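Biologist: I would like to go through the labels one at a time. Please set each value against its cut-off.

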Amino acid sequence: MFNVERTKEVPASLSAKRSYKDEDVVKALESSFHKKCYLCETKEPQDINIEHFVAHQNNDDLKYEWKNLYFSCGRCNNIKLDHFNNLLDCCDPKDNVFRAIKLLPPRTPNTEIVVESQNDDDKTIQTAKLLNKIYNSDHTVNKAVTRSYLRKKIYTQYTLFQKWLIKYYAEDSLLAERENALERVKVLMSNESQYSAFIKWCILDDNNLSKELEAWID
Ligand SMILES: [Zn+2]
């Protein structure tokens, strides 16, 4: 997961309590969340949902509250439903959602994804449980198929990271090539890139790169 800084300006459709699905709201969410699902970190998902972090149950204050709206993919929203109501909040700077849950990419497109809570409070445990379900569970045929698509995408991002890592560590790399490789890794670690938490956890596990890129890890 990644932390999100929401745009300060509340979209007009929400202030007027007109709609939480109008273009101004979708655009503002898209920009705040870097076009990524706040749960699985897929960028530009085909099916997007505007999710109420706290279920609104027809309470207009919650329904049109800017801070209660999250950018999610249809798959994650469908897995979360009403089953997870006590989660870490990626929009709350007090919750470092990246550090709270360790995520390691699959070594092949079909291996399990490591999801480990780093704290033992209920919110972290619940969030890790949800992420585990998103990345690893095959509780329905449909979810098993889409899980395989998701893992492949994460694996592809991981191979991009590996490509630059090989350049960075290669004996015959020139200094300029090594510096360029490091810049590329910074791009993959940034909140704008998909699955950035996976890449940052790989770096944290590398004694050399974790020091070299310390300033780039939240
Ligand atoms: Zn998602």
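Biologist: Why is Arg6 called partly exposed?

Modeller: Arg6 has 17 other C-beta atoms within 10 Å. A residue is buried if 20 or more other C-beta atoms lie within 10 Å of its own, exposed if 12 or fewer, and partly exposed in between, with C-beta atoms placed from the backbone. The 17 of Arg6 is in between, so Arg6 is partly exposed. This is a predicted model: local features need pLDDT of at least 70, side-chain atom pairs count only at pLDDT 80 or more, and totals for chains, interfaces and linings use all residues. Residue numbers run from 1 along each chain as its sequence is written.

Biologist: Where does Arg6 lie, and with which residues is Arg6 in contact, leaving aside neighbours within four places in sequence?

Modeller: Arg6 lies in the segment before α1 (12-15). Helices (H or I, at least four residues) and strands (E, at least two) are DSSP runs, numbered from the N terminus. Apart from neighbours within four places in sequence, Arg6 is in contact (C-beta atoms, placed from the backbone, within 7 Å) with Ser32, Lys67 and Cys91. Between the C-alpha atoms of Arg6 and Ala28 there are 8.3 Å in space and 22 residues in sequence.

Biologist: What makes Leu150 buried?

Modeller: Leu150 has 24 other C-beta atoms within 10 Å, which puts it in the buried class. Leu150 is in helix α7. With neighbours within four places in sequence left aside, its contacts are Cys40, Thr42 and Tyr135. Its C-alpha atom is separated by 21 Å from that of Asn3, 147 residues apart along the chain.

Biologist: How do you know which class Gln57 belongs to, buried or exposed?

Modeller: The count for Gln57 is 9 other C-beta atoms within 10 Å, so Gln57 is exposed. Its place is in the loop between β1 and α3 (60-63).

Biologist: What is the phi of Gln57, and what is the phi of His34?

Modeller: For Gln57, phi is near 40°, a positive value in a residue other than glycine. For His34, phi is near 55°, again positive in a residue other than glycine. As background, most residues other than glycine have a negative phi. His34 lies in the loop between α2 (23-32) and β1 (48-52), and with 19 other C-beta atoms within 10 Å it is partly exposed.

Biologist: What makes Phe84 partly exposed?

Modeller: Phe84 has 15 C-beta neighbours inside 10 Å, hence the label partly exposed. It lies in the loop between α4 (74-80) and α5 (97-100). Phe84 touches Gln126 and Leu130, not counting residues up to four places away in sequence. Gln126 is 42 residues away from Phe84 in sequence and 7.0 Å away in space, C-alpha to C-alpha.

Biologist: Why are α7 and α8 called roughly antiparallel?

Modeller: Helix α7 (residues 141-169) packs with helix α8 (residues 175-189) at an angle of about 155°, and their axes are 8 Å apart. Axes are lines fitted to C-alpha atoms, for helices over the stretch in contact, and angles run from 0 to 180 degrees between N-to-C directions. Angles under 35 degrees count as roughly parallel, over 145 as roughly antiparallel, 65 to 115 as roughly perpendicular and the rest as oblique. The value for α7 and α8 is about 155°, and the pair is therefore roughly antiparallel.

Biologist: Which residues meet there?

Modeller: In α7, the residues Leu160, Phe161, Trp164, Lys167 and Tyr168 meet Glu177, Arg178, Ala181, Leu182, Arg184, Val185 and Leu188 of α8. The contact of α7 with α8 divides into eight nonpolar, no polar and four charged residues.

Biologist: What makes α7 and α9 oblique?

Modeller: α7 and helix α9 (residues 196-204) pack at about 45°, with axes 10 Å apart. The pair is therefore oblique. Ile154, Gln157, Tyr158 and Phe161 of α7 make the contact with Phe198, Ile199 and Cys202 of α9.

Biologist: Which residues have the most contacts inside the largest nonpolar core?

Modeller: They are Tyr38, Ile134, Phe198 and Ile199, in a core of 47 residues. Such a core is a set of buried Ala, Val, Leu, Ile, Met, Phe, Trp, Tyr and Cys residues joined through C-beta atoms within 7 Å. Ile199 is in contact with Phe161, Leu188 and Met189, leaving aside its neighbours within four places in sequence.

Note on methods. Two residues are in contact if their C-beta atoms, placed from the backbone, lie within 7 Å. Ala, Val, Leu, Ile, Met, Phe, Trp, Tyr, Cys and Pro count as nonpolar, Asp, Glu, Lys and Arg as charged, and the others, Gly among them, as polar.
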